[in-house]
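Reader: I am new to this structure. Please show me how to read it.

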Amino acid sequence: MKLKTRLLPGIFLAAMTLAIAEKAAPPGLPETVKTELNELEKKLQETLTGAVLDGQFTLIKAGKVGGLKKERYTIVKVTKFREDYWNFMARVEYGGKDVTIPMTLQVKWAGDTPVITLTSLQIPKLGTYTARVLIYGEEYAGTWSGGTHKGHLFGRVIKE
């Protein structure tokens, strides 16, 4: 259980892929793909494509924040799918595995700041997860929760 707890924030992107990949797009979205990006969307795509999110996360247990643990995600490519849904091609390294997987994630905007969102998503064999991760300049920060576990995450966005 300790290993699983330590991997939760680091694998939340990979786990979302497994759960989202088999689901249809949310109802009410147009079936066409939007290819034109506004200036903020272009900046997000340029910032994350070919970038590494290199940072740390915390684990909160019984209301107490634990020490910092390292995390690292490699984002191969990011493209807008439609409306506020984006395709993330991410390389995830955990538990002795190294895989590159596609993910469809919702991105909301708080003014000029993109926020990657996941709300109460049931992930098989792992539980239900919620996360908010904002990207601003060359930094990211956010919160995550899954079952009885939750915490914070933050770090740098590094172009490789």
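Author: Start with the surface. The protein chain exposes about 9,100 Å², and carbon and sulfur atoms supply 56% of that area. Accessible areas come from the Shrake-Rupley method with a 1.4 Å probe, and for residues only the protein chains shown count as cover. This is a predicted model: local features need pLDDT of at least 70, side-chain atom pairs count only at pLDDT 80 or more, and totals for chains, interfaces and linings use all residues. Residues are numbered from 1 along each chain as its sequence is written, and side-chain values use heavy atoms, with hydrogens and water left out.

Reader: What percentage of the 160 residues count as buried?

Author: Buried means under 20% relative accessible area, exposed over 50%, and partly exposed in between (1.4 Å probe, protein chains only). Here 41% of the 160 residues are buried.

Reader: How many helices and strands does the protein chain have?

Author: Helices (H or I, at least four residues) and strands (E, at least two) are DSSP runs, numbered from the N terminus. The protein chain has 2 helices and 10 strands. From the N terminus on, the order is α-α-β-β-β-β-β-β-β-β-β-β.

Reader: Which residues of helix α2 are buried?

Author: Helix α2 covers residues 39–48, and E41, L44, T47 and L48 are buried there. Their directions from the helix axis to the C-beta atoms define an arc. That arc is within 130°, so the buried residues line one face of α2. On the other side of α2, E39, K43 and E46 are exposed.

Reader: What comes just after α2?

Author: G50, with a positive phi of about 75°.
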